[in-house]
Amino acid sequence: MPAGDVASNGHADTLLINGWAYTGDAAGRWAGSLAISGGRILAVGAERDLRERVGSRTRVIDAGGGMILPGFQDAHVHPPSAGVGMARCALDGVNPLDPARARDEYAGIIERYARDHPGVPWILGDGWGMDAFPGGNPPKAMLDALVPDRPVYLESRDGHSAWVNSKALEMAGIGPGTAEPADGRIIFGEDGEPWGTLHEGACRLVDDLTPRTTEQEWVDGILRAQAYLHSLGITAWQDAIVEDDTAPAYLALAKQGRLTARVVGALWWDRRRGAEQVKELVERRQDYSFGRFRATSVKLMQDGIPENFTAGMLSPYLDGRGRPSETDGKSFIEPEALKRHVIALDAEGFQCHFHAIGDRAVRESLDAIEAARSANGWNDLRHHVAHIEIVHPDDVPRFRTVGAVANAQPLWACYDGQMEHLVVPFIGEERASWQYPFASLRRAGAVLAMGSDWGVSTPNPLLEMEVAVRRVSPDRRGHEPFYPHERIDLRTALGAFTMGSAYVNHLDDQTGSLEPGKLADLCVVDRDLFAVEDGLLGDAKVTLTLVDGRPVHADPAAVSW
């Protein structure tokens, strides 16, 4: 039912009272109460005016003085792997601000997991931070001491690197002189032996040997992740990598009615292959779309990350002493080939979802979108460029002129260990100031959407919005802000996590704001986020999340009915 088709009279199924409803509509209106009927918003307004909607079967929910918001949407997230990871050797709860302490904590977690799981053939997990290790490269010796008898494969929290032990290296045939893949790096020690860290495409050398995750494990992981995301007020997301392992799990949950979130899946573009994939992706889109799951996007990974010198840069990295090095990163897809592929995907009606972190990768992605516009004409596919860490100033206005959505992960726009030790010294101050240009993009008229990249970092939108507004890490709240001229206001940050991400997901006509006729996907937080005196945004808690007007998360201590 299109927005506006809900009748203006009749009893409500649910009435939310005793709250502050921020509608997120074009006017940014506020209301005191909200009525729901048939899974859609019936009316918003003053409680006294909506009381007439109460019938004998109306459920009245007391919001406890909280703020009622449109449900948050994550424009770039990885729930299946994050959910599966929650049941494995999870290292993501460690704060790497104190590297020595972080390494000790990692050791304790790994040792306990190995001891508690004596029967698993591989120790698998993720979540370690590069800034806990010199140069961002953890050593195999540490793992060898903890787990000498089984192979270990632990992905970094950003998913671009892997920490492995000698057993895993031996099984993969990685030794002195092993050639690096074109899209990856093997770290070697001064003695020529592999150090124990693999970056980007080199991770596959070991990952391809690990036991495959079963469909039931993926199903359980998605359900685990879904419950967690709902607890954070998230009602919809775009899964940034969907392949033939996770898509069937999503499909099964959608057909069983157990997928309560609305999910867009970005089908993976294999950079080792070429244009023959387009036809296959068209078939997958048809096979894997059902109900609340739609596989209508394609993920194109154009570069890596600056911490391991694989983010694609317009000019070389520095060597740590301020001099140009011999590397300018990677273009995982040759730029002219990228244009051809995007033109073909655009012609087939796919939304293109780019990973682009370095300034060259961002430019190559924008060039590809521009080429598709020239070849196929303008359309409403809403291609988006995710991460956008380093954007050359000349490319900021191009987001609007080529019609690309800026898909930002705001939690990273702050000073932390990785930024201070593994990024800024190797890109220099000028390029450092081009990082995460949220305010500049907004001023240039770009559509701004936001997401988390969880399990890389927390999926909590409230913490992410805090960083977008303050440009200060939640772990170092007294620190100086990170290029404060790129801060955005709360209204803009809220819009990026609601209407902006709904736009990317092609859900903006049904969700993203609290307006009569729209789906009743919403959340309640325990305070007025606009009231500065009530504390920092990241300390607020979600007390209630509704999808189609039905609770998918509720804190009984904070809301009642």
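Mentor: The structure, which is a predicted model, holds zero disulfides.

Trainee: What makes Cys89 buried?

Mentor: The term applies under 20% relative accessible area. Cys89 has 1% and is therefore buried.

Trainee: How do you know whether Thr511 is buried or exposed?

Mentor: Its relative accessibility is 3%, and because the limit for buried is under 20%, Thr511 counts as buried. Thr511 belongs to the loop that runs between helix H16 (490-504) and strand S22 (522-525).

Trainee: Why is His117 called partly exposed?

Mentor: The value for His117 is 29% relative accessibility. Buried ends at 20% and exposed begins over 50%, so a value in between is partly exposed. His117 is located in the loop between helix H3 (99-116) and strand S10 (123-128). Between the C-alpha atoms of His117 and Gly129, twelve residues apart in sequence, the distance is 23 Å.

Trainee: What makes S8 and S21 edge strands?

Mentor: They belong to an open sheet of eight strands with parallel pairing, in the order S8-S15-S16-S17-S18-S19-S20-S21. Strand S8 (72-77) and strand S21 (448-450) each pair on one side only, and are the edge strands. On average, neighbouring strands of this sheet are turned by 25 degrees against each other, direction ignored.

Trainee: How do you know that S19 and S20 pair?

Mentor: Pairing requires at least two bridges. Three bridges join strand S19 (residues 384-387) to strand S20 (residues 405-408), so the two strands qualify. They run parallel, and His384 stands opposite Val405 in S20. S20 is likewise joined to S21 by three bridges, again in parallel; there, Ala406 has Leu448 in S21 as its bridge partner.

Trainee: What shows that both faces of S20 are covered?

Mentor: Val405 and Asn407 on one side are buried, as are Ala406 and Ala408 on the other. In a regular strand the side chains alternate between the two faces of the sheet.

Trainee: Which residues touch the most other members of the largest nonpolar core?

Mentor: That core has 127 residues, and the three are Leu300, Phe399 and Leu529. Not counting residues up to four places away in sequence, Phe399 touches Val405 and Ala406, among others. Another core, of 17 residues, lies apart from the largest one and includes Ala31, Ala520, Leu522 and Leu544.

Trainee: Which strands does helix H8 lie across?

Mentor: Helix H8 (residues 246-256) lies across strand S15 (234-242), strand S16 (262-268) and strand S17 (293-301). The helix runs at about 150 degrees to S15.

Key: Residues are numbered from 1 along each chain as its sequence is written. This is a predicted model: local features need pLDDT of at least 70, side-chain atom pairs count only at pLDDT 80 or more; totals for chains, interfaces and linings use all residues. Side-chain values use heavy atoms; hydrogens and water are left out. A disulfide is a pair of cysteine sulfur atoms within 2.5 Å. Buried means under 20% relative accessible area, exposed over 50%, partly exposed in between (1.4 Å probe, protein chains only). Helices (H or I, at least four residues) and strands (E, at least two) are DSSP runs, numbered from the N terminus. Axes are lines fitted to C-alpha atoms, for helices over the stretch in contact, and angles run from 0 to 180 degrees between N-to-C directions. Contact means heavy atoms within 4.5 Å. A nonpolar core is a set of buried Ala, Val, Leu, Ile, Met, Phe, Trp, Tyr and Cys residues joined through side-chain atoms within 4.5 Å.
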